[in-house]
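Please examine the sequence and the structure shown here before reading on. The paragraphs that follow begin with single residues and then turn to the whole protein.

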Amino acid sequence: SGPMPVQLALRATSAWPDHSQGTLKVALRGPLSDLHIQASGVLQPAQRGSQSLDLEGRLQPFAAWPVSALKASAKALDLSQLLGSLPRTSLSGVVEVAPVQTLSPTQRAPSKPGSAGVSDLGVRISVRNADARSWDQHGLPVLGLSGGVTLHDVSRLKTWQEVWAVALWDLHAALPTNQASRTATLGMSGSLHRGNTLRIALDGVEPLALHARAPALQLQGQI
């Protein structure tokens, strides 16, 4: 017998007493072992602008690494609206997971020549936060996050510790400071895999801008 075909389309709507409204659409199609998934959600709070999250990807439930491709696009997404314990945000941008060889050379995280194979995945991130605020204000003190991570031989990875060990990082976070005209940066590059070096670079990071109880310092340098 051939592969089991799946075709599913769902649409859900909801309204709350404060006149907020939400819509969720989910579609699945393809054989059970290799599904294409599309999902989109729109939330219209009563006192704030509309926010949305769109997902499209490839799901292989029986594979060693089930998510072989994924693209998530957000617009003004407030995480606290999804779960009250999460920080208040306004996230817009794209997170993409794809086999490394399908990304253009300018999109790939740094890698040694010849090291990328069919089992290598790249995670690319380009997200900005229009409502950055300190942790003590139940916020996320990050203005933006860009860069990516390359994971080698993902089919062999069994635990999150193994994922961390083989990850090749190239991430840069823009952080707020106590001066509105200036932005601090926090960068992470390199890998811990097989004796490689993982570097953390700080440029003008002010802990007091991240939490009201933090010391009034300005951090500069590399770890």
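Which residues does E56 touch, not counting residues up to four places away in sequence? They are H36, I37, Q38, A69, L70 and K71, where a contact means heavy atoms within 4.5 Å. The model is a predicted one, in which local features need pLDDT of at least 70 and side-chain atom pairs count only at pLDDT 80 or more, while totals for chains, interfaces and linings use all residues. Residues are numbered from 1 along each chain as its sequence is written, and side-chain values use heavy atoms, with hydrogens and water left out.

E56 itself belongs to strand 4, which covers residues 51–59. Helices (H or I, at least four residues) and strands (E, at least two) are DSSP runs, numbered from the N terminus. One of the contacts of E56 is with K71; these two residues stand 15 apart along the chain, and their C-alpha atoms are separated by 5.3 Å. With H36, the side chain of E56 forms a side-chain polar contact of 3.1 Å. A polar contact is a pair of N or O atoms within 3.5 Å; within protein, one must be able to donate a hydrogen and the other to accept it, and residues adjacent in sequence count only if both atoms are side-chain atoms. E56 has a relative accessible area of 39% and is therefore partly exposed, since buried means under 20%, exposed over 50%, and partly exposed in between (1.4 Å probe, protein chains only).

S92, in strand 6 (residues 91–99), has a relative accessibility of 13% and so counts as buried. Leaving aside residues up to four places away in sequence, S92 touches A74, K75, A76, S126, V127 and R128. The side chain of S92 also reaches the backbone nitrogen of A76, at 2.9 Å.

The next subject is the nonpolar core, a set of buried Ala, Val, Leu, Ile, Met, Phe, Trp, Tyr and Cys residues joined through side-chain atoms within 4.5 Å. In soluble globular proteins, nonpolar side chains tend to be buried together. The largest core here has 15 residues, and V149, L151 and W169 touch the most other members. Two or more residues come from each of strand 7 (121–129), strand 8 (144–151), helix 2 (160–166) and strand 9 (168–176). Strand 7 contributes the most, with 3 residues. Apart from this core lies another, of 6 residues, including A173, L175, A184 and V205.

P215 is found in the loop between helix 3 (207–210) and strand 12 (219–222). Its relative accessible area is 45%, so P215 is partly exposed. Beyond residues up to four places away in sequence, P215 touches P207 and L208. From S20, P215 is 195 residues away in sequence and 40 Å away in space, C-alpha to C-alpha.

Finally, consider the protein as a whole. Its secondary structure comes to 3 helices and 12 strands, and its C-alpha trace spans about 65 × 55 × 30 Å along the principal axes. Of its 223 residues, 34% count as buried. Among contacts between residues at least 6 apart in sequence, 42% join residues at least 24 apart.
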